[in-house]
Amino acid sequence: MTVRAAVIEAPGRFSVERFPEPDPGPGAVVLRIEHSGICGTDKHTWRGESLQYAGTDHEREAAYPLICGHENVGVIAAIGPGDPPVDELGRPLAAGDRVVPAPNLTCGRCRFCLDERFPYYLCRELHDYGNSLTCAEPPHLFGGWSELMYLLPGTRLFRVPAGLAPELAALTELMAVTHGLDAARTLKGTGGGFEFGDSVLVLGAGPLGLVHLAKAEMLGAGRLMAIDVFAPRLEAAGALGADVRLDASATSADERLDAVRDATDGYGADVVVHCTGHAATFPEALALVRPGGTVVEPGTFVDMGDVGVNPSRDVCTKGVTVIGVGGETLPQYAPALRMLDRHAGRLRMLVSHQVALEDVGAALELAQSPESLKVLVTPGLQGDLS
């Protein structure tokens, strides 16, 4: 038996290949993929912008050839010998259970794993599915753009609530990245942070910006604002409660700054979340935040080069707090699944397309267009993307 998978052979080059169906070893799991999201990181990988974890001890390039896909949901097809895997509550899992796997596999022994002050995804022995594990080496199936995915021993698994549609469960990793807003809430009382009734602006209203917008509303934001170059994404932001929506393709940076200040009594947004995926717009995020406010940076995971920032004007004198977010955190997964379940009606619109494995190359271009929000790779579909 063989398994079909979409492979990024090199930047801009894609094929559908067949691999042997794997037998799981002790502690391993084979997952039958239902949906796998196309992430901003995947778009960078497709374009060849592949330097990840820049400036850390494990700075590296994406491991071409790759089966991408780290925003995954599927049904357990097989479990290796030994004790069964468990969910987030320690309950044994079995074949047939629908789960969301964590995208990172860590050692559990280094300081990054053991000290909660450190980001766990900087583990010195980190493997991340769809990024660092090449499909050139067996058992090959280390990403979600495949009919089956091989999960190594120790991979954390989260049980999907019974009533949650799998296409929405595919947004779990994306929702878990919004922990920067929770971190901002811990700054309450310091003059910065995020308090009930505060204004929140997302700079970049793609899928990452939109889940931050939804999360901000859940946490009690007052005014919600969004900036993007694509009108359909601004419409989606409006559906999620953003009453100030600015088209960056039709306005200057000064005009956007004036509009945001007009909407916030002349001060600027309390919290700005920078989600464009491009380093060049980060200085605008610093300009749009109020004095003493907070900028959350979850959107520039891939090294896109340096930008000019005046630390005196932009950070120091304004008293701005910057929170860097390099990935999700495991404690966010179960709450993210519950929130997706509770708010399914309003969040369903975030999934704009589902595509077959044969259409991944075209879908990577689609995912960067105004016609799309979250694009899911759905291995069970037949190719029909025009």
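The structure is a predicted model: local features need pLDDT of at least 70, side-chain atom pairs count only at pLDDT 80 or more, and totals for chains, interfaces and linings use all residues. Residues are numbered from 1 along each chain as its sequence is written, and side-chain values use heavy atoms, with hydrogens and water left out.

- Helices (H or I, at least four residues) and strands (E, at least two) are DSSP runs, numbered from the N terminus.
- Strand E12 (residues 200–203) is covered on both faces, with Val200 and Val202 buried on one side and Leu201 and Leu203 buried on the other; buried means under 20% relative accessible area, exposed over 50%, and partly exposed in between (1.4 Å probe, protein chains only).
- In a regular strand, side chains alternate between the two faces of the sheet.
- E12 runs parallel to strand E13 (residues 224–228), joined by four bridges; two strands pair if DSSP finds at least two bridges between them.
- Within E13, methionine 225 stands opposite leucine 201.
- E12 also pairs in the parallel sense with strand E15 (residues 269–274), over four bridges, and histidine 274 of E15 is the bridge partner of leucine 203.

**Cysteines**

- There are zero disulfides in the structure, a disulfide being a pair of cysteine sulfur atoms within 2.5 Å.
- Cysteine 107 is in no disulfide, and its nearest cysteine sulfur, that of cysteine 123, is 3.6 Å away.
- Cysteine 135 is likewise in no disulfide; the nearest cysteine sulfur belongs to cysteine 68, at 9.2 Å.
- Cysteine 107 is buried at 17% relative accessibility, and cysteine 135 is buried at 3%.

**Glutamine 52**

- Glutamine 52 lies in strand E4 (residues 51–52) and is buried, with a relative accessible area of 1%.
- Leaving aside neighbours within four places in sequence, its contacts (heavy atoms within 4.5 Å) include His58, Glu59, Arg60, Asp128 and Phe301.

**Backbone geometry**

- Most residues other than glycine have a negative phi, and most peptide bonds are trans.
- Tyrosine 64 and proline 65 are joined by a cis peptide bond, with omega about -5 degrees.
- Another cis peptide bond joins proline 138 and proline 139, with omega about 5 degrees.
- Histidine 140, not a glycine, has a positive phi of about 75 degrees and is buried at 16% relative accessibility.
- Aspartate 265 has a positive phi near 60 degrees and is exposed, with a relative accessible area of 69%.
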